[in-house]
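Please examine the sequence and the structure shown below. The paragraphs that follow lead from the place of the ligand to its surroundings.

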Amino acid sequence: MELPDPDSVSRREFAKAAVALGGVAGLSACLDASDADGGGNADAADGGPLDGVPAGDPGEAPDRQHAWDDALDRDDAGNVVPPTHHVLRYVDVDRGDAPRADARERIEAAFTDLERAFERSAAGLLFTVGYSPAYFDRLPGTLPESVDLPAPRPLTGLEDPSIDEADALVHLAADEPAAVLAADEALFGGATAANGVPVTDASGLFDPVDRRTGFIGAGLPREHRDADGIPDDAPVPEGAKLFMGFANGFAESQATEGRVTIEGGPFAGGTTQQVSTLRTQLDAWWSQESHEQRVAKLFSPTHADEGRVGEYGERLGSDPGVADLPEDAVAYAHEEGVVGHAQKAARAREDGKPRLLRRDFPTTDGDHTGIHFLTLQESIGDFVAVRDAMTGADIADGTAVGSRINNGILQYVFVRSRGNFLVPPRGLRALPDPDPRSEP
Ligand code: HEM
C-alpha cells in the first residue's frame, strides 16, 4: 500500500493511512507529517519520546485488562469516547525452543514496559491481549468451566467466514497514531524502545499472522468515502462515526465492564472477546435508500416515523431507545415489511440490560469499507445469542413472507472472518495455561 501525498489530504486522513501501513515506514511518515505542523520528533521513529504522549505507571494498571472506560473521556451525553486508531495483531506465540517460563517472563516484561512507556488512556495507549481456543487446545489441561470459549464457527446460513486460529490477539488503541505504531513496532517489529522507554525484546516469541487496522471518530467515514464499498459522493454526515452514516456505542445500549467480566474460577476478572471482520457494501444503502429508510433499517421504523434519530444520531443522547418500542419486532416485520437492526439485537438483552460491550471500529483494510466488529462479553454464548437475535431467522424465515422483509442491515454486511479469544485478567496475560490452578 502507498501513502497519500501529505500535502493533498487532511492530517487525519494521512494518519489513518500511516496506521494501516504500519512498521517503521508508517511511524516515520506519521512523525514527518506532524513535524511539518511543527510538533514532530526525529528520535521518535527509533523509540524516542513522542510529542505530547504521556508516560505511564504499571503500578496503576487495574486487574481487568478490558477496564478501559474509566481511562476514556465521555461526550456531552455521557457516552464513552473510544480511542481513534486501532491495530489488531494476530500472532502465534511460544512455538520455538525458549523454555516456557522464560518466554512468559519476557512477554510479561514487554507488556509492563509498554505500560511504563504510555499512560493508560487515549492520549497514551490502551491494549489487551487475548488467547484463542487453538492456543489452549495445544497445551496440556483444559479450560475451567467458568470460561466459555468454543472454537469460532459460522453463525448464520449466509456466511462462509475464514476462521481465525492465531494463538493470540493483541488489540492496540490510541488517539495518537504514532503511539499505536510505536507500541506495535516495539512488540512485533525491530524497535527496542517506545516513547523514550526501553521495551524488553519479545519479538522473537511472536510470529505475526495478520495485522488489521481501523479508526473511529466523527468525520472519519466521510473523509474515507474514496474506499470501495461506498459511493465517493455518499452524503455521510460529518458527525457520523460509521460508514452507514450514524453514530453508535450509546451508553444504554452497551453492557457495562462488570457485566462482561468472568466472575468465578482462575480467570475471574477476565472476559471473552470475539472479533468478526465485516465487509460492508453500501452503494445501494446510499443510492437507493432514503434517510428514513436508513433509520428504519438501522434503528426501527418507529424511530423513522417519529424522527427520533436526527441527522446521524444527535437526538438520541445516551439511549437509542430500542428496547421498549411499542411494536413487537416479529409481528411488525410481518405487517410492515421492515425491521431495524438495533431493535432486533435488543431482543437478546438479559433482564433489560445489553450483554455485549461493543468496541467495534470501521476499517478500509484492503481499500474496502468494513467494520472490525470487536465485542467483549462474559461468555461466547452471549455473543451467539445476540448474533442470532440480530440475524432474526425467526423474522425472515426463508418463506415467501420472510424473503420480502427488509431485515435490518443484513443485506449490506458480509462476514469475512470470525475469531474468539479469552482476555485473561492482567496477572495471567502472558502465556496462560488452560487451568492456572493446576500449575505446579
Ligand atoms: C456493519 C455492521 C454494524 C453496524 C453499522 C451496526 C450499527 C449499530 C447501530 C448504529 C446501533 C444503535 C446504536 C448503538 O450502537 O448503541 C447498533 C446497536 C446494536 N448492535 Fe449493531 N451494527 C453492526 C453490526 C452488529 C453485529 C454484527 C452485532 C452482533 C451481534 C450487533 C449488535 C448490536 C447490539 C447488541 C446493539 C444494541 C442493542 C441494544 O440496545 O440492546 N451489531 N448497531
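**The ligand and its surroundings**

In this predicted model, the ligand sits in the largest cavity. A cavity is a set of points, on a 1 Å grid over the protein atoms alone, where a 1.4 Å probe fits but cannot get out; a molecule sits in a cavity if more than half of its atoms lie within 2 Å of its grid points. Among the elements that give two or more residues to the shell around the ligand are β8 (271-280) and β12 (370-377). The element that gives the most is α12, with four residues. Helices (H or I, at least four residues) and strands (E, at least two) are DSSP runs, numbered from the N terminus.

The ligand is surrounded by 27 residues, and the closest include Gly-249, His-341 and Arg-349. A residue counts as near if one of its heavy atoms lies within 4 Å of the molecule.

His-341 belongs to helix α11 (residues 341-345). Its NE2 atom is the only protein donor of the iron atom of the ligand, at 2.1 Å. Donors are N, O and S atoms within 2.8 Å of the metal (3.2 Å for Na, K and Ca); water is not among the atoms, so sites may look incomplete.

Residues are numbered from 1 along each chain as its sequence is written. Local features need pLDDT of at least 70, side-chain atom pairs count only at pLDDT 80 or more, and totals for chains, interfaces and linings use all residues, while side-chain values use heavy atoms, leaving out hydrogens and water.

Definitions and conventions:
On a 1 Å grid over the protein atoms alone, a cavity is a set of points where a 1.4 Å probe fits but cannot get out, and a pocket is an open set with protein on both sides within 12 Å along at least five of seven lines; lining residues have an atom within 4 Å of a point.
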